[in-house]
Amino acid sequence: MLEVVFSDSAAGSLSVAMGGGRHVGGAVSVSILRSDGRKPTKAKLKKAQREAEEQERRNWTQAIPLEGSRRDVLAFSLALSVGDIQEEGIGPKREAAVSQLMGTYPDMGKKAAERLLETSRSSLSVLRERVGRGEPLRIWASGNPDEACGLCWIMEQLRAFGFDNLEITIVTLPDFEERSGSIAVQYTGWGEVEPHQWGKLADHGRKLSSAVARVLADQWRELQAENAPLRAVLNGRLVSVPESLYDFVILRELAHESGEFMEAQVVGRVLGKYRLGIGDAWVALRIEQFVQDGLLEPVTQPAQGEPAYHRILRKSEV
């Protein structure tokens, strides 16, 4: 079965999950914040790390195995909620949108954009070849704007095969995932899901009817015709919106700042507090627009190789 995801991080996590539900090891990081601002002792750090590693082992022990091969994971990291979408397949307009977002990271941005596009084009080629041979596919979707767009876009790519001839399973990320110990976890997209959770969440999968597949593909054509600069999920529906849609929450966080402030802290608060399903690059691009509009002024520039939002800003005296 082919596995379709819409972000690089989701592809990586799912690939690890394809290890059969076994603990595969790896690095575990621990962060401890003390109210008095002092650094924790080495003994406390080691204890916390041991506890985190033990929890990771327990997670894999309790994991439901996910059948499949890592070679079956197809990633489409195309940021389809952003930019011009009036083209077929993955063309120069998609290159421009991905490059704009990745441009937030000066040293690695260009190479990262090229890699994401190359992976997506390769995945599309494999998808067409193997679906043409009658292989079933499973699509991991959610209310995240990029993943919601990705679902409609992939249906449009599959239209030529005839939806009645396809076997499609769709797994929708639940609003909340309940765990033992009275814990509920909320994700903004599949890229946040831990590898040991994929097998359990796969139980949410359902067969996608040809009628629903056709509606999703038609919705993509409608979005293409509107060709707004941005797409978002509002009240559960994917719609075309102006690029200023999220500005009100960014401005709300900027209102808390006085004097000089770190732009990165504002970006982090927007992402963590509102969980809109957008990435740091889009928030940084909108703040840069505020700078161009004269609302903000740069006080410093980011160090070489650092993201564009690693700088100090202040509000303009206008």
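Colleague: What is the mean pLDDT of the protein, and what share of its residues reach 70 or more?

Modeller: Good place to start, since this is a predicted model. The mean pLDDT is 90, and 89% of the residues reach 70 or more.

Colleague: Where does pLDDT stay under 50?

Modeller: Where pLDDT is low, the predicted coordinates should not be read in detail. Here that applies to residues 23-31, where pLDDT stays under 50. The model has 11 contacts beyond four places in sequence for that stretch.

Colleague: Thanks! How many helices and strands does the protein have?

Modeller: The secondary structure comes to 10 helices and 12 strands. As for contacts with a separation of 6 or more, 66% of them are between residues 24 or more positions apart.

Colleague: And what percentage of the residues are buried?

Modeller: Buried here means under 20% relative accessible area. Of the 318 residues, 45% are buried. The accessible surface is about 16,800 Å², and carbon and sulfur atoms account for 50% of that area.

Colleague: What does M155 touch?

Modeller: Leaving aside residues up to four places away in sequence, M155 touches I139, F163, I168, L208, A213, L216 and A217.

How values were computed. Residues are numbered from 1 along each chain as its sequence is written. This is a predicted model: local features need pLDDT of at least 70, side-chain atom pairs count only at pLDDT 80 or more; totals for chains, interfaces and linings use all residues. Side-chain values use heavy atoms; hydrogens and water are left out. Contact means heavy atoms within 4.5 Å. Helices (H or I, at least four residues) and strands (E, at least two) are DSSP runs, numbered from the N terminus. Buried means under 20% relative accessible area, exposed over 50%, partly exposed in between (1.4 Å probe, protein chains only). Accessible areas come from the Shrake-Rupley method with a 1.4 Å probe; for residues, only the protein chains shown count as cover. pLDDT is the predictor's confidence in each residue, from 0 to 100.
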